[in-house]
Amino acid sequence: MKAGQIQQDDGIPRKRGGRARLLPGLSVKDGYTKHPFDVEHGVQTSGLVAGRHLGIGQKTDRQITAYYGVAPSVFQSLLRRWQRSKPLAPRKDYTFVDIGAGMGRAMLLAAELPFREVVGVELHPMLAHTAQKNQAVWEMAGRAQSVMRVVCQDVLDFEFPASPCMAFLFNPFGPVVMRRLLAKMARSFAGREGQLDLLYVNHEQESILQRHPGFQCLFAGPVRRSRVDAIADHTIMANQPDGEYAASNYEDCSIWRWMGRTKREPGLDERTTKRES
Ligand SMILES: C[S@@+](CC[C@H](N)C(=O)[O-])C[C@H]1O[C@@H](n2cnc3c(N)ncnc32)[C@H](O)[C@@H]1O
């Protein structure tokens with residue numbers, strides 16, 4: 001923390017006088033540009049914060065990729081694909097867990113549908129705090145069809161629910177944390193075949209899932225952004241001061257189902273890879 005800042009109990013650094021300091025990437029001088037989703041709904045989920053600004057003093061800080069809200073059109077399209085994948089139970093029985101919830105855009109979109117519960121797990125206190133404020137806006141506007149909850153913690157400390165679970169990941173971290181998360185999931189869902197599905201957007205660590213004997217790939221391929229999202233994301237990327245990140249017109253995504261195996265069996269390497277038309 002820099003001189004002139006104070007740390008409060010909620011872990012959020014503030015300037016003297018009480019105003020929270022904005023994270024790098026969330027002010028106009030850093031190229032901050034509002035996404036139409038925020039303009040339409042009066043929430044605050046825009047901005048691009050590089051992973052190096054999101055560390056909380058843990059050994060795994062360098063695994064954090066960045067904060068960036070998922071394109072609503074990609075999220076909704078992937079969820080429709082999941083719906084067609086013959087899930088174990090009706091959606092209303094699933095707990096939706098956003099692993100690395102950031103400011104909660106994916107949570108808000110999920111909560112527009114009736115899930116058993118929508119939970120956002122976010123490591124960084126400032127992002128989690130904003131997600132909580134967005135949740136309140138959503139509930140006040142009557143948009144939430146699900147009970148919502150934001151928890152500020154490392155997902156490696158999160159206790160997965162006893163209900164069927166849909167875990168959503170928008171490329172939150174690198175391989176070390178991904179392997180640990182899958183090991184934790186394997187313990188939590190032991191003997192619960194089919195009760196955990198992963199929806200993975202910008203699936204950089206896909207190869208780890210491919211090699212894991214317990215997960216079956218239901219879909220892998222590019223999912224296109226709508227025109228509105230493509231224009232918004234290209235504009236936001238173009239406004240970055242150092243051009244570190246890039247956006248294309250689609251996200252590489254995949255959907256995985258926990259099958260409960262711990263060893264690879266013959267014939268299980270085949271994957272269903274489909275291209276979106
Ligand atoms: C790309 S953002 C995704 C935001 C949100 N899921 C969405 O789609 O709108 C990834 C988020 O994961 C968070 N994150 C990274 N590592 C984490 C961890 N170990 N536990 C919880 N959150 C983590 C980051 O702080 C960041 O906010």
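## A strand pairing to start with

In β11, Val223 has Glu251 as its bridge partner. Nine bridges link β10 to β11 (residues 250-258), and the two strands run antiparallel. Two strands count as paired if DSSP finds at least two bridges between them. Helices and strands here are DSSP runs (H or I over at least four residues for helices, E over at least two for strands), numbered from the N terminus.

Before going on, a word on the model: it is predicted, so local features need pLDDT of at least 70 and side-chain atom pairs count only at pLDDT 80 or more, while totals for chains, interfaces and linings use all residues. Residue numbers start from 1 along each chain as its sequence is written.

## The sheet and its helices

Seven strands make up an open sheet with mixed pairing, in the order β7-β6-β5-β8-β9-β11-β10. At the edges sit β7 (148-152) and β10 (215-224), each pairing on one side only. On average, neighbouring strands of this sheet are turned by 15° against each other, direction ignored. For angles like these, axes are lines fitted to C-alpha atoms (for helices, over the stretch in contact), and values run from 0 to 180 degrees between N-to-C directions.

Helix α2 (residues 72-83) lies across β9 (196-201), β10 and β11, and runs at about 150° to β9. Helix α4 (residues 125-140) packs on the sheet too, touching β6 and β7, with its direction at about 170° to that of β7. Altogether, the protein chain has seven helices and eleven strands.

## Around the ligand

What surrounds the ligand? A shell of 27 residues does, the closest being Val70, Gly100, Gly102, Phe170 and Pro172. The elements giving two or more residues to this shell are β4 (66-67), α3 (105-111) and β6 (117-122). A residue counts as near a molecule or strand if its C-beta atom, placed from the backbone, lies within 6 Å of it.

By class, the shell has 17 nonpolar, six polar and four charged residues. Here Ala, Val, Leu, Ile, Met, Phe, Trp, Tyr, Cys and Pro are nonpolar, Asp, Glu, Lys and Arg are charged, and the others, Gly among them, are polar.

## A closer look at Gly100

Gly100 sits in the loop between β5 (95-99) and α3. Is Gly100 buried or exposed? Gly100 is buried, because 24 other C-beta atoms lie within 10 Å. The cut-offs are 20 or more other C-beta atoms within 10 Å for buried, 12 or fewer for exposed, and partly exposed in between, with C-beta atoms placed from the backbone.

Leaving aside neighbours within four places in sequence, Gly100 is in contact (C-beta atoms, placed from the backbone, within 7 Å) with Glu122, Val155, Leu169, Phe170, Pro172 and Phe173. Gly100 and Val121 are 21 residues apart in sequence, yet 5.5 Å apart in space, C-alpha to C-alpha.

## Two residues with positive phi

Lys86, in the loop between α2 and β5, has a positive phi of about 55° although it is not a glycine. Lys86 is exposed, because it has 9 other C-beta atoms within 10 Å.

Asn171, found in the loop between β8 (165-170) and α5 (175-188), also isn't a glycine, and its phi is positive, near 30°. With 19 C-beta neighbours inside 10 Å, Asn171 counts as partly exposed.

## How confident is the predictor?

The mean pLDDT (the predictor's confidence in each residue, from 0 to 100) of the protein chain is 89, and 87% of its residues reach 70 or more. Over residues 1-11, pLDDT stays under 50. Over residues 268-277, it is below 50 as well.

Notes
Two residues are in contact if their C-beta atoms, placed from the backbone, lie within 7 Å.
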